[in-house]
Amino acid sequence: MSASTPVPLPLTDGTVTLRATRDGDGATLIAGRDAAFHRFMGEGTPDPRPTAVIEVDGELAGWVDYDDERSWLEPHQCNVGYHVFATHRGLGYATRAVRLLLELLAAQARYTEATFVIDAANGPSLRVATAVGATERDRPVNTDGRPEVFLVVPVVDPIAGLDA
Ligand SMILES: CC(C)(COP(=O)(O)OP(=O)(O)OC[C@H]1O[C@@H](n2cnc3c(N)ncnc32)[C@H](O)[C@@H]1OP(=O)(O)O)[C@@H](O)C(=O)NCCC(=O)NCCS
């Protein structure tokens, strides 16, 4: 597949499926928020419409999202976020889902880098970011004075990359 060919949702690796958010998902996504979500992601929007929800065995297990609306992003960058419900954690689903999201971004060919801004105390999220190949670029402090880790991963089409 070339870098200019969009990959439509759903997209699966055989274990995890990313599918477009549907009407009615919002209530399940909100119900899936727990203390870890609120600690690291704040209150959360009352009308969640992420890029994709994560499905495992036909069950909604969380979501992945990206945006390019933060003032500090460079034009070729987008920022990635994710949540896996507590019932589904520790099974590699976030790592699989973020890998699929990066595949989707590569096929769109709009961004060359994906960024992660992660609370320095959020070990599981840091593991997800490093597992998908992100590397630390900075250690900023957020507006509440909490240390964060800023990581970046190249967004590359693995097939197109073979021609380079
Ligand atoms: C961060 C989060 C998405 C990880 O989801 P997950 O599906 O459990 O992640 P994975 O199973 O892919 O695990 C990723 C790594 O974290 C480790 N991990 C998962 N849960 C962990 C825990 N509670 N404590 C320590 N390590 C943990 C896994 O062992 C794995 O490490 P490895 O690759 O070295 O084996 C999930 O914990 C979550 O939704 N947290 C709340 C919301 C949040 O913090 N989102 C990210 C904001 S930047």
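**A cis bond, a core and a ligand shell**

Visitor: Where is the place of Pro10?
Guide: Pro10 sits in the segment before strand E1 (11-12). A strand here is a DSSP run of E with at least two residues, a helix is a run of H or I with at least four, and both are numbered from the N terminus. Residues themselves are numbered from 1 along each chain as its sequence is written. This is a predicted model, in which local features need pLDDT of at least 70, side-chain atom pairs count only at pLDDT 80 or more, and totals for chains, interfaces and linings use all residues.

Visitor: What kind of peptide bond joins Leu9 and Pro10?
Guide: A cis one, with omega at about 5°.

Visitor: How confident is the predictor, going by pLDDT?
Guide: The average pLDDT of the protein is 93, and 91% of the residues reach at least 70; pLDDT is the predictor's confidence in each residue, on a scale from 0 to 100. Residues 1-5 are another story: pLDDT stays under 50 there, and the model has ten contacts for them beyond four places in sequence. As for "contact", two residues have one if their C-beta atoms, placed from the backbone, lie within 7 Å.

Visitor: How many helices and strands does the protein have?
Guide: Five helices and eight strands. Starting at the N terminus, they run β-β-α-α-β-β-β-α-β-α-β-β-α.

Visitor: Why is the protein called as compact as a globular one of that length?
Guide: Its radius of gyration, taken over C-alpha atoms, is set against the globule rule, 2.2 Å times the number of residues to the power 0.38. For 164 residues the rule gives 15 Å, and the protein has 15 Å, so it passes as that compact. The C-alpha trace spans about 45 × 40 × 25 Å along its principal axes. Of contacts between residues at least 6 apart in sequence, 61% join residues at least 24 apart.

Visitor: Why is Ala52 called buried?
Guide: A residue is buried if 20 or more other C-beta atoms (placed from the backbone) lie within 10 Å of its own, exposed if 12 or fewer, and partly exposed in between. Ala52 has 23 of them, so it counts as buried. It lies in strand E3 (52-56), and beyond four places in sequence it touches residues including Leu9, Arg19, Ala20, Trp63 and Leu101. Trp63 is eleven residues away in sequence, yet the C-alpha atoms are 5.8 Å apart.

Visitor: And why are Arg19 and Ala20 called partly exposed?
Guide: Arg19 has 15 other C-beta atoms within 10 Å, so it falls in between. Ala20 has 13, so it lands in that class as well. Arg19 is in strand E2, while Ala20 is in the loop between strand E2 (17-19) and helix H1 (25-31). Not counting residues up to four places away, Ala20 touches Leu9 and Ala52.

Visitor: What makes Asp57 exposed, and what is its phi?
Guide: Asp57 has 9 other C-beta atoms within 10 Å, so it is exposed. Its phi is positive, about 50°, although it is not a glycine. You'll find Asp57 in the loop between E3 and E4.

Visitor: What makes a set of residues a nonpolar core?
Guide: The set must be buried Ala, Val, Leu, Ile, Met, Phe, Trp, Tyr and Cys residues, joined through C-beta atoms within 7 Å. In this protein the largest such core has 37 residues, with Ile54 and Val64 among those with the most contacts inside it. H3 supplies the largest share, eleven residues. Nonpolar side chains do tend to be buried together in soluble globular proteins.

Visitor: Which residues are closest to the ligand?
Guide: Phe40, Arg89, Ala94, Thr95 and Arg127, out of 23 that surround it. A residue counts as near if its C-beta atom, placed from the backbone, lies within 6 Å. Helix H4 (123-131) is one of the elements giving two or more residues to this shell, and with six it gives the most.

Visitor: How does the shell around the ligand split by class?
Guide: It has 13 nonpolar, eight polar and two charged residues. Ala, Val, Leu, Ile, Met, Phe, Trp, Tyr, Cys and Pro count as nonpolar, Asp, Glu, Lys and Arg as charged, and the others, Gly among them, as polar.
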